[in-house]
Amino acid sequence: MSRGHRPDRLERLELKQLRLLQAILRELNLTGVADQLGVTQQTVSEQLKRLREVFDDRLFIRASNGVIATPLAERLGPKLDRILNDIAALLRGQEFNPAEYTGIFTISATDFEQRVVLPGLLKKLREQAPGLRVVVLKLEIDRMAQQLQTGEVDLVFSTPGFVPDSCPTMLLYREHYVCVCCRQANLPGCETGEPLALAQLAARPQLVVSPSRGDLRGMADIWFEAFGLQRNVVLSVPSFAAAAECIASTNTVAFLPSRLLPDARLSTLPIAAQPPGFDVIAAWHSRSGQDPLHKWVRELLARQFASNTDE
């Protein structure tokens with residue numbers, strides 16, 4: 001029997017044949033192996049014939065109460081166990097146990113989403129996956145696509161307009177804006193509760209939050225323009241954390257997400273109409289869609305915000 005070329009022999013070897021060989025080595029009885037694997041004795045005989053051709057060895061010799069392994073078959077036993085265990089481990093890698101997981105998960109978000117989304121999520125992560133280390137980065141809108149593609153960032157919390165269309169997303173919650181001014185500001189409506197006309201509001205010095213681009217435009221500009229108004233933006237700050245203090249110290253007005261309020265430094269300013277709200281979403285790269293860790297984190301987020309999508 002010719003040994004042939006090793007690549008040809010490897011191509012002729014099938015996983016089910018390795019499982020059969022392992023079963024025969026353990027049982028040393030072909031009938032018992034057929035019953036164990038749920039196949040016919042003829043199938044066992046045919047697969048054993050192919051194994052003998054691949055290994056160029058009889059492998060097993062019939063005896064009165066079953067079969068006896070040849071020296072080569074006996075030597076194959078431990079190697080075969082390791083190989084099949086390694087193959088099984090490939091599949092077990094899909095079974096995610098957060099309590100045993102160790103690794104790093106990187107999140108990118110504005111300081112607003114860091115305040116609203118992260119506390120609840122991080123609490124669950126620490127409780128259920130103590131070996132997971134979390135890195136939180138400041139949202140960089142212009143680098144978001146690259147960071148997700150390269151794996152520098154695993155998950156982004158943002159609004160839909162900033163997220164690349166190619167990225168899968170999930171809605172976390174819907175938010176609305178509140179117009180605010182300094183608590184000591186002497187503006188119409190602050191004391192009387194009377195709504196401020198939009199034309200009067202547009203003329204007031206205003207602040208916008210621009211996390212990474214430093215724009216002097218914000219989401220409300222398009223809304224004002226729909227009324228034929230140009231608002232007077234005089235200040236752009238990079239974070240919501242800085243916004244309240246700057247509003248209080250500069251006597252500007254601004255639109256802040258409702259979840260950042262109340263704030264002792266600010267008063268709500270009633271206005272004649274309300275700007276549209278916005279969605280907060282989680283976004284990730286498509287290659288991470290089926291990753292067990294990513295799926296588990298997204299499931300935690302879904303439960304955290306299950307009742308908050310209609311606000």
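Predicted model: local features only at pLDDT ≥ 70, side-chain atom pairs only at ≥ 80, totals over all residues.
Which side chain meets Asp81 in a salt bridge? The side chain of Arg26 is the partner, with N to O at 3.6 Å. The two residues sit 55 positions apart in the chain, Asp81 in helix H5 and Arg26 in helix H2, so the pair links distant parts of the chain. Colour both by accessibility: Asp81 is partly exposed at 28% relative accessible area, while Arg26 is exposed at 60%.

Next, return to helix H5, residues 71-92. Select Leu15, Ile83, Ile87 and Leu90, which form a nonpolar patch on the surface with about 360 Å² of accessible area together. Helix H5 supplies three residues, the largest share of the patch. Leu90 lies in this helix and is exposed, with 63% relative accessible area.

Select Asp279 and Arg174, whose side chains form a salt bridge at 3.3 Å, N to O. Asp279 belongs to strand E12 and Arg174 to strand E6, 105 residues apart. Asp279 is partly exposed at 25%, and Arg174 is partly exposed at 33%.

For the last stop, select Arg265 and Asp263, which meet in a salt bridge at 2.9 Å, N to O. Arg265 is partly exposed at 33%, whereas Asp263 is buried at 16%.

Key: Residues numbered from 1 in each chain as written. Heavy atoms only, no water. Patch = residues over 30% accessible without salt bridge, like charges linked within 9 Å, V, L, I, M, F, W, Y side chains within 5 Å. Areas by Shrake-Rupley, 256 points an atom, 1.4 Å probe, with all protein chains shown as cover. Salt bridge = Lys/Arg side-chain N within 4 Å of Asp/Glu carboxyl O. Helix = DSSP H or I, 4+ residues; strand = E, 2+ residues; numbered from the N terminus. Buried < 20%, exposed > 50% of the residue type's maximum accessible area, 1.4 Å probe, protein only.
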